[in-house]
Amino acid sequence: MIYHSQIENVQLLHKIKNYEVRLGGNKKLKIYGKLNCTSGKRMKRQNRTFFVDEKEATAQGYRPCGHCLKSDYKKWKDGLI
């Protein structure tokens, strides 16, 4: 997990291009989603985190975003994840 407040924008872009970062999350709400999610783009920088994959996000206790990961969110809500 990478906190946005602890990494420079240039380093972050490099990690995104090299597929070292694939998902973003909100550390206060414990929600993760796609990097292009409109809900995720509105969050404050100090709340933003980044993950390599879904396994890492769920291992940290995050749940799927109901906006950009609707099917995963439904599974999580139904208790299947």
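Biologist: Leaving aside its neighbours within four places in sequence, with which residues is Thr 49 in contact?

Modeller: The model is predicted. In it, Thr 49 is in contact with Met 1, Ile 2, Tyr 3, Leu 23, Gly 24, Gly 25, Asn 26, Lys 27 and Tyr 62, sequence neighbours within four places being set aside. Thr 49 belongs to strand S4.

Biologist: Is Thr 49 buried or exposed?

Modeller: Buried means under 20% relative accessible area. Thr 49 has 0% relative accessibility and therefore counts as buried.

Biologist: In what order do the strands of the sheet lie?

Modeller: The open sheet has 5 strands, ordered S1-S4-S2-S3-S5, with mixed pairing. Strands S1 (2-3) and S5 (63-64) are at the edges with a single partner strand each, so one side of each lacks a neighbour in the sheet. S1 and S4 (residues 48-51) run antiparallel and are joined by 2 bridges; Ile 2 lies opposite Phe 50 of S4.

Biologist: Which residues make up the largest nonpolar core?

Modeller: In soluble globular proteins, nonpolar side chains tend to be buried together. Here the largest nonpolar core has 10 residues, among them Leu 23, Phe 51, Tyr 62 and Cys 68.

Biologist: How much space lies in the largest pocket?

Modeller: A probe the size of a water molecule, rolled over the atoms, shows where empty space is left. The largest pocket holds about 270 Å³. Of its 19 lining residues, Gly 24, Ser 39, Gly 40, Lys 41 and Met 43 are the closest to the centre. S3 gives the largest share of the lining, 4 residues.

Definitions and conventions: Residues numbered from 1 in each chain as written. Predicted model: local features only at pLDDT ≥ 70, side-chain atom pairs only at ≥ 80, totals over all residues. Heavy atoms only, no water. Pairing = 2+ DSSP bridges. Core = buried A, V, L, I, M, F, W, Y, C linked by side-chain atoms within 4.5 Å. Buried < 20%, exposed > 50% of the residue type's maximum accessible area, 1.4 Å probe, protein only. Contact = heavy atoms within 4.5 Å. 1 Å grid on protein atoms, 1.4 Å probe; cavity = no way out; pocket = protein on both sides within 12 Å on 5 of 7 lines; lining within 4 Å. Points joined across faces, edges and corners; volume = space filled by probe spheres on them.
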